[in-house]
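These are my notebook entries on a structure that I looked up. The sequence and the structure are shown first, and my entries follow.

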Amino acid sequence: MANHLRFVARTVMVQEGNIDAAYKALNRVLSVDGIIETVKRKRYYEKPCRRRQRENYENCKRIYHSEMARKISFISRTQRQDPWVGS
Amino acid sequence: MHKLNCILSNSVRSACQQVAGSFNAGGSICGTSGLQRAVSSSAVRLQEDASVSATPGKISKDFSHLPPMPGQDSVLRWAGKKYEELPIAHIKATYNNTHVQVTDCEGQFMVRTSCGTEGFKNVKKSTPIAAQTAGISAAAKATAVGVTFVRVLVKGLGPGRLSAIKGLTMGGLEVVSITDNTPVPHNGCRPRKARRI
């Protein structure tokens with residue numbers, strides 16, 4: 001971050017000496033931005049073949065989880081209007 | 001280039017202030033996740049933190065998680081100093097050690113301690129307890145020079161990351177804000193090869 005906008009990005013103010021909450025907020029923001037996993041990944045070099053395998057795996061995992069969540073929310077809709085009213 | 005940065009940062013800042021305003025007005029946490037994803041789609045470096053509201057009962061006055069911007073005049077003062085003039089405590093938390101250095105706002109060096117200067121050796125330097133003692137001694141030396149409020153700059157993901165800040169507060173320094181300054185290369189130098197254990 002050096003000198004571009006030094007204290008603007010990735011900054012959390014501390015309220016009434018409550019550093020734990022501030023640190024948690026900071027961690028939450030960083031993990032949402034994906035900085036923590038990027039730093040961990042770049043600690044050692046990741047070869048391009050390994051990187052392609054990992055991206056593929058993450059895509060498949062994401063598709064599977066979204067489809068499963070869709071299925072579960074569909075199945076758990078038990079309160080529905082009766083489609084065959086009158087019969 | 002600099003003008004472009006300024007314009008971009010101004011637009012991002014105004015957008016995020018609107019977002020923060022809507023947060024403070026609404027006060028509900030369920031809407032934050034969607035908006036946070038929208039905010040994080042912009043560049044990482046010029047990014048503002050989306051202000052996450054704590055439990056609604058605790059927010060007093062208008063405390064925001066965002067720091068005072070360099071362009072705006074904020075009313076907050078700590079020991080009579082504005083946010084830009086507070087001294088800075090750099091904490092470098094590597095995997096094997098933790099360094100704590102307190103400088104003033106221009107970067108002039110004031111206090112420096114690390115786990116090694118505390119008398120720990122080798123593997124004991126990479127523990128949170130060593131980081132805490134380094135923080136305490138740094139705070140003691142800084143209060144001897146005459147520093148009360150400090151903003152913290154953390155670099156690296158090591159075991160001493162949180163406990164060094166805790167040591168600073170235990171030693172008597174007041175922490176005003178926490179910034180994360182971990183160096184993230186945009187694919188610069190090639191790191192060392194992967195370990196095979």
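**Entries on chains A and B**

I began with the surface of chain A, which exposes about 6,700 Å², with carbon and sulfur atoms supplying 54% of that area. I note here that the model is a predicted one.

I then looked up how chain A is built. I found three helices and one strand in chain A, and along the sequence they follow the pattern β-α-α-α. I also looked up burial: of the 87 residues in chain A, 25% are buried.

Next I turned to a nonpolar patch on the surface. Which residues form this patch? I found A:Tyr64, A:Met68 and A:Ile72, which together have about 310 Å² of accessible area. A:Ile72 counts as exposed because its relative accessible area is 51%, and the cut-off for exposed is over 50%.

Is B:Ser114 buried or exposed? Its relative accessibility is 10%, so B:Ser114 counts as buried; the limit for buried is under 20%. Apart from neighbours within four places in sequence, I found B:Ser114 in contact with B:Thr98, B:His99 and B:Ala134.

Finally, I examined the aromatic rings. My search of the whole structure gave zero aromatic pairs over all chains. I did find charges over rings. The charged end of A:Arg43 sits over the ring of B:Tyr95, 3.7 Å from the ring centre. B:Arg190 lies over the face of A:Tyr45, at 3.7 Å from the centre of that ring.

Notes. Residues numbered from 1 in each chain as written. Chains lettered and ligands numbered in written order. Predicted model: local features only at pLDDT ≥ 70, side-chain atom pairs only at ≥ 80, totals over all residues. Heavy atoms only, no water. Buried < 20%, exposed > 50% of the residue type's maximum accessible area, 1.4 Å probe, protein only. Contact = heavy atoms within 4.5 Å. Phe/Tyr/Trp six-rings, centres within 6.5 Å; stacked < 30°, edge-to-face > 60°. Lys NZ or Arg CZ within 6 Å of the ring centre and 35° of its normal. Patch = residues over 30% accessible without salt bridge, like charges linked within 9 Å, V, L, I, M, F, W, Y side chains within 5 Å. Areas by Shrake-Rupley, 256 points an atom, 1.4 Å probe, with all protein chains shown as cover. Salt bridge = Lys/Arg side-chain N within 4 Å of Asp/Glu carboxyl O. Helix = DSSP H or I, 4+ residues; strand = E, 2+ residues; numbered from the N terminus.
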